[in-house]
Each structure stands twice: as C-alpha cells, then as structure tokens.
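Please follow the chain through its strands and helices, with the structure open beside the text.

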Amino acid sequence: MNNITPKQAAERLLKQVEKPGRYTGGEYGQIIKDKTKINARFAFCFPDTYEIGMSNLGVRILYDAINRHADLWCERAYAPWVDMEELMRKYEIPLYAHESGDALNVFDFVGFTLQYELCYTNVLNMLELAGIPLTSAERMEADARGEFMPIVVGGGPCTYNAEPVADFFDIFSIGEGEEALPELMRLYVDMKADGSYTRAEFLHRAAQLDGFYVPSLYIPEYNSDGRLKAMKPVYDDIPTTITKRIITDLDSAVYPEKFLMPYIETVHDRIVLEVYRGCIRGCRFCQAGMVYRPVREKSVEVLNKYAKLLYDATGYDEISLSSLSISDYSKIDCLCDTLLEWTNDAKVNISLPSMRIDSFTKEIMEKISTVRSTGLTFAPEAGTQRLRDAINKNATEEDLLCACRVAFEAGKTQVKLYFMIGLPTETYEDIEGIAKLAKRVIDTYYDVYRGVKGRKAPTVTISCACFIPKPFTAFQWEAQNTLEELEKKQKYLRSVICDPKIKYNYHDANVSILEAVFARGDRRLAPAFIEARRRGMKFDSWDEYFDFDGWMKIFADCGIDPDFYATRERGEGELLPWDIIDCGVTKQFLLRERHNAYKSVTNRNCAEACTGCGANKLGGERTWCPKRS
C-alpha cells in the first residue's frame, strides 16, 4: 500500500460499508489543484457524517474562499461512520482528504468547524484516525523533535467558548473566516518563504492577527473555590481579549457560484441563499442572535444573481432563504417577487425556514406556496405572555393565532410549535400554558372551518427543548435546571395535554445537561475528553451512541463535578471562561437584559431603535438602524 493513497486503499473496502458514497470524493464541483504549485494546504474537517457536513453552508463558503487563491488548496474530510472506522483501524488506513486522497497528517493546516458541543469527541477521534497527536503541547514536542505536524485550527460558533477543547487546538479563528483564514495561511507561506518559520514563532505571530486566539499563549488561573481568577497572556504583544472578525460588506463577500454535488442523499439537498447575517431581535436565550451581530444584509440583485447561478450549476428544485429570522430581511417582499419571476416557470420552490410569528402574512404565505406546499413551524418558545416577555420574544398569543389562521385558510392542516422548558423565571403555570396555547391553535382551525364538513382533522405538534444557558446571552449566568427538575417538568406537560390532536415531543434532558457542561466549561474538562477518547466515545449527538451514564462515570473518574458547570448560578462579577473573547456585544448590555428578564420587561428590536448592545463598533452604524434615543 506504499504506492497508493489512503483513499485508494479505502476504496478497496467500500463494498463492506453501509454508504460507500460517503468516502469516494470525486463529486461534481470539487476543486483539484496541482500540488507542485501549492504553497499551503488546508484540510477542512467536519466532525460528523458526510451527509451532515455536505449540507453545511459555512463549509461551502470557506472552501470557496480559500480555493480562490491560486497557491492555496482547501480539501475536505468528514467523520467516518463506525463501520468504515472499524475497517480503517483494522487495515491501518489514516483519515484522508476527499480531493487528493492524501492523509490529513501531511497537510499544513487541519481545520475543524465546531458547530455543536456534542461533536467534540468526534474531533479527537478524527485526529487520532489521522495520526495527529491530540494536544497542542504534544504536537509542539513532536515539532521540536523534527517531526512535521499540521497546525490544528478550530472555527465556528462553539469557539465563542473554546476553553473546554482549548488544549486540542493550536489556533481558533473567532468570527467570520472568509478573509481571516486566507490571511492566516498567507502568514504561514510568507514565514516559510523568508526562513523565519518555526511552529512557536508562527503561533506567536498568528496571535497578533485580528480574530485569532492561540490558547497555549494564555494561562488560566483559578481561585480556591474553582472559579476562574485570571487569564494571563504569555507575551505583552498579544491582545488580552480577542475580538471576532466580521465581513462588513456581504454583497462583495465570497460566495460560491456552484455547490459540490454529492453522490448520495444529504440532509439538505437544495440551494441555500444566505440573505443576511446577524439578528435584529434580542431573544435573551439565543446565543446566535448575539454573536452574529451586527446585522448585515445582501442586496436583492446579488441574491438573485447567486440563486440563478446555483440553479444552473445544481438543478436543485428548492431555494432556501437562510438567516436567523428571514422575515426580518428589510426587502423580503421584493426578494420573493424577484425570485418568483423565474422560479415559478422553473418549478423551483422557495423555502423560508425561519419565519417569525409576528411577521407571517397572507402575502408571504401565497408566495412560498406557489410551487408546492411547505410545512409550517413557529417558535413561541414559552406558553404564557409573562414568560415570553421575560425572554424578550416580542410575540403575542394573538400573533401566533393570526399566523395559524392564515395557514389554515390556505389549506394547511399541520403546524409545529417549538417551546423551551426550564427557562429562567419559569413556573408550572407557564408549562401548562404550552398545552393551552396548542389547544387554542386547534380551536382556531375549527373556527376557520366552522360548518364545513369533510375537513381533515388538524394536527399540532409540540416540540420542547430544554433550556441551556449559553455564553454571550443574557442568561449566561443562570443555573440550568437539574436533570430531575427537567424530567419532572416534561412529565407534567404531558399530563396536561388532553387533546389527542396535539402531539408532544421533547428532547432528552440528559443530552441537554451534557451540552450545558460543554457549553460553559473551561480547560479543566480536557482530561475528561482524553479519557472519553480512550474509552471510545464518539457521535455523542447521535441517539444510538449517546451514553450519559458513561459520561458521568468519566467525570467522576476525572474528579470533575458537572454541576459546577451546568446547574451552578454564576455571580455577576465572576470572570467567565469566555470573557477572553469579544463578540461585540458588551457584558454590560447582557447584564441589563438579564435584569429586564426578571422584571418581564421587553426591549425593542434593532430596526425600531438601537439598544446599545455595542456590536456596531465592529462594522459601523447600520444605515437602516436608528440611532439610539
């Protein structure tokens, strides 16, 4: 096997695995380059299955952004499913990149997008499969022995608190990477060219670039009670806090004109148009709504251009308009009208997957239903107006019922409603309110069709997640409900649902507890991840491999108290592990929002008035955003 690539060796085994198309590469749209003309190679790794990774828009954008540079080459790798991993270990085939088929350990950079905390064990498993030492310290030692070691980079939303996995990464890219990652690679190429490169000096220089966090150059100190005392930089010429990078002009930003076309069905086989970034709303539980600020929109002309290019390149029959809240796009009607000028004839469906209750109208309903019927999902989040005000949802029961009425009048019979259990200030009256609200939606359907015979019975599906206090939210200081409290509340809600037309689904509270530990953890979790890798933990986000008891045993064996991270209320003056990162939104704003939550006082959205969150410092005042009064 010395004369063939790891990919070629793996292809001999594909008849023995469930989905061979996960591992072949060769997709239409992949980018192949001449290695002799390449100065730096980047392996972009998605720590989950191929079907999920191929649907991720961020991977597609960054793949395109790096490959636009003639001397840089970005390739892809995904977590192999357990059947393929078993064969790779048996025959000693290292994890490889889909394009070249080369092992990841020969790349200059190996990057992971961290989209979900429960994928952390997959990161370690992939490093091990690639033959790359797990920790940054081990890689530094190997480099000192003259062994080539890739630079391991992390990016994505989980890097806003990267501390739980800080020991495993050399560099974190904080914020948006279209400009940042090529800049990092260019530093590497230049240092190699002028002879100044050493691993240590490169990391030092990288820490001086905007938006890059090198965790090994920051030393945490702890108080006797376990709380973080300080995070001290090793050098005086690196920042004490790392400010995220953003793209200020999305119209001129890199965006792919064609998508990689998989050979097998993926999670989202459709055109995805990123309409804007950020969110004008201020939901107090929502991390994405804070860390992706400020809002920056793309023009209708640019969006329509990319929609046509991607349709011509892919032939997909659905366009999904992507954003945190698509109905808040300031030109949503114009965008839909412009797209419909050609999508109707092409039989292409327009999907608006993130509609807000208070902005769902008959006009929008008609536009998105012109080709085929689409399912409707709304997120009231809480069952009573008091609690919706506490979380700053800024949506009323009347808003929901009006939206459902519009849907029912258009012929819909099924509505899905998202809620959360365990929110700060929640009472059992709020939980009972979820069942009552769902019943009122059922009643609205029968009110619409009063006296009409032969109508199909409606279905309202309630889906309840468990609240997880996330960094950079107004609730980052809150204690999560204990496992016993969450399970008791879930059972109570089931007991008060009396209408058989209401279906009730809820998330596993065990998963939410573990997610909270990882989301608010610090570097002292590293031994637990190493032990988890030793015990074969992986695919924690998959029901069939999630092992809560196994994780609790690991924590106990490593001397880690998960309640310290999940169910402990933080003091408002406490130094938090993620305070090393500046996402733009100030701590003072988040504290003010926390206090408003306990008074059930709502705040205006950014389109109505600037609330002074601080994010505008990163990109200037939005032209459509009023000055704060």
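This is a predicted model: local features need pLDDT of at least 70, side-chain atom pairs count only at pLDDT 80 or more; totals for chains, interfaces and linings use all residues.

**A walk through the model**

N392 lies in the loop between α13 (385-390) and α14. Its backbone is worth a look: N392 has a positive phi of about 65°, although N392 is not a glycine.

Four strands build an open sheet, in the order β15-β16-β17-β18, and the pairing is parallel. Which strands stand at the edges? They are β15 (376-381) and β18; each has a single partner strand, so one side of each is left without a neighbour in the sheet. From one strand to the next, the twist averages 25°. As a general point, the side chains of a regular strand alternate between the two faces of the sheet.

The pairs can now be taken in turn. What kind of unit do β17, helix α16 (residues 483-496) and β18 make? Together they make a β-α-β unit, and the unit is right-handed.

The helices come next. Helix α14 lies across β15 and β16, and runs at about 170° to β15. Helix α14 (residues 397-409) also packs with helix α15 (residues 428-448), at an angle of about 40° and with the axes 9 Å apart. Because of that angle, α14 is oblique to α15. The crossing in which α14 passes α15 is right-handed. On the α14 side, the residues in contact are E397, L400, L401, C404, R405, F408 and E409. They meet L437, R440, V441, T444, Y445, D447 and V448 in α15. Sorted by class, this contact has 8 nonpolar, 1 polar and 5 charged residues.

Helix α15 has a further contact to examine, with α16. The axes of α15 and α16 cross at roughly 45° and come within 9 Å. That angle makes α15 oblique to α16. This crossing, too, is right-handed. Which residues of α15 and α16 meet? Y428, I431, E432, I434 and A435 in α15 meet K488, K489, Y492, L493 and V496 in α16. The residues of this contact divide into 7 nonpolar, no polar and 3 charged.

Two places earlier in the numbering remain. In one, strand β7 (residues 218-222) and strand β8 (residues 228-233) run antiparallel, with 5 bridges joining them. I219 has K232 as its bridge partner in β8. The hairpin of β7 and β8 has 5 residues between the strands, and in this hairpin G226 takes a positive phi near 95°.

The other place is a peptide bond. Is the bond from R293 to P294 cis or trans? The bond is cis, with omega near 0°. P294 is found in the loop between α9 (288-291) and β12 (296-297).

Terms used: Residues are numbered from 1 along each chain as its sequence is written. Side-chain values use heavy atoms; hydrogens and water are left out. Axes are lines fitted to C-alpha atoms, for helices over the stretch in contact, and angles run from 0 to 180 degrees between N-to-C directions. Helices (H or I, at least four residues) and strands (E, at least two) are DSSP runs, numbered from the N terminus. Angles under 35 degrees count as roughly parallel, over 145 as roughly antiparallel, 65 to 115 as roughly perpendicular and the rest as oblique. A crossing is left-handed if the near helix is turned anticlockwise from the far one by less than a right angle, and right-handed if clockwise. Contact means heavy atoms within 4.5 Å. Ala, Val, Leu, Ile, Met, Phe, Trp, Tyr, Cys and Pro count as nonpolar, Asp, Glu, Lys and Arg as charged, and the others, Gly among them, as polar. A crossover is right-handed if, with the strands pointing away from the viewer, the path from the first strand over the helix to the second runs clockwise. Two strands pair if DSSP finds at least two bridges between them.
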